[in-house]
Amino acid sequence: MTPATVVVDENTLNDYVGRPRFHAEDATRAPIPGLATGLAVTGAGGDVLTIEVTGMDGEPGLHVTGQLGDVMSESAQIALSFVRANAAELEVPEGAFDHRRFHLHVPSGAVPRTGRRPASR
């Protein structure tokens, strides 16, 4: 009995290894200041999230955008509160938050507890 021949090429690769786990843009965006990579984990899996943040002159506070749920939005506020409360230990210069507004955006949005994002329209 001769062994079967299996051909793995660009068209059949996903059949053998599954969907891509990372996207090329994830690697190229990581070194840019103001970007961070987060991991959303659910009981059904999870996903890698790109988180963008910038600071600007303005009324002190935090503006959160993207398709984030209440828990993720609250987590962003808690993160800012933590940094403000521990500014000296984190070596944040005194007055760094005076007249500064922060904008946090998660372009891909949160991953629902099902572990799947809705299909793009």
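This is a predicted model: local features need pLDDT of at least 70, side-chain atom pairs count only at pLDDT 80 or more; totals for chains, interfaces and linings use all residues.
Local features need pLDDT of at least 70, side-chain atom pairs count only at pLDDT 80 or more, and totals for chains, interfaces and linings use all residues. Residues are numbered from 1 along each chain as its sequence is written, and side-chain values use heavy atoms, without hydrogens or water.

**View 1. Strands β1 and β2 pair in the antiparallel sense.** Strand β1 covers residues 35-42, and strand β2 covers residues 45-57. Eight bridges link the two. (Strands pair if DSSP finds at least two bridges between them; strands are DSSP runs of E with at least two residues, helices runs of H or I with at least four, all numbered from the N terminus.) A hairpin of two residues joins β1 to β2. Find Ala40: opposite it stands Asp47 in β2.

**View 2. Arg100 and Asp57 form a salt bridge.** (The term means a side-chain nitrogen of Lys or Arg within 4 Å of a carboxyl oxygen of Asp or Glu.) Here the N to O distance is 3.2 Å. Arg100 lies in strand β4 (residues 100-106) and Asp57 in strand β2, so the pair ties together parts 43 residues apart in sequence. Arg100 is partly exposed at 25% relative accessible area, while Asp57 is exposed at 67%. (Buried is under 20%, exposed over 50%, partly exposed in between, with a 1.4 Å probe and protein chains only.)

**View 3. Val6, Val8, Leu13, Tyr16 and Val17 form a nonpolar surface patch.** Together they have about 480 Å² of accessible area, computed by the Shrake-Rupley method with a 1.4 Å probe, where only the protein chains shown count as cover for residues. (Patch residues have over 30% relative accessible area and no salt bridge; nonpolar side chains, namely Val, Leu, Ile, Met, Phe, Trp and Tyr, are joined within 5 Å, like charges within 9 Å.) Leu13 lies in helix α1, residues 13-17. Leu13 is partly exposed, at 40%.
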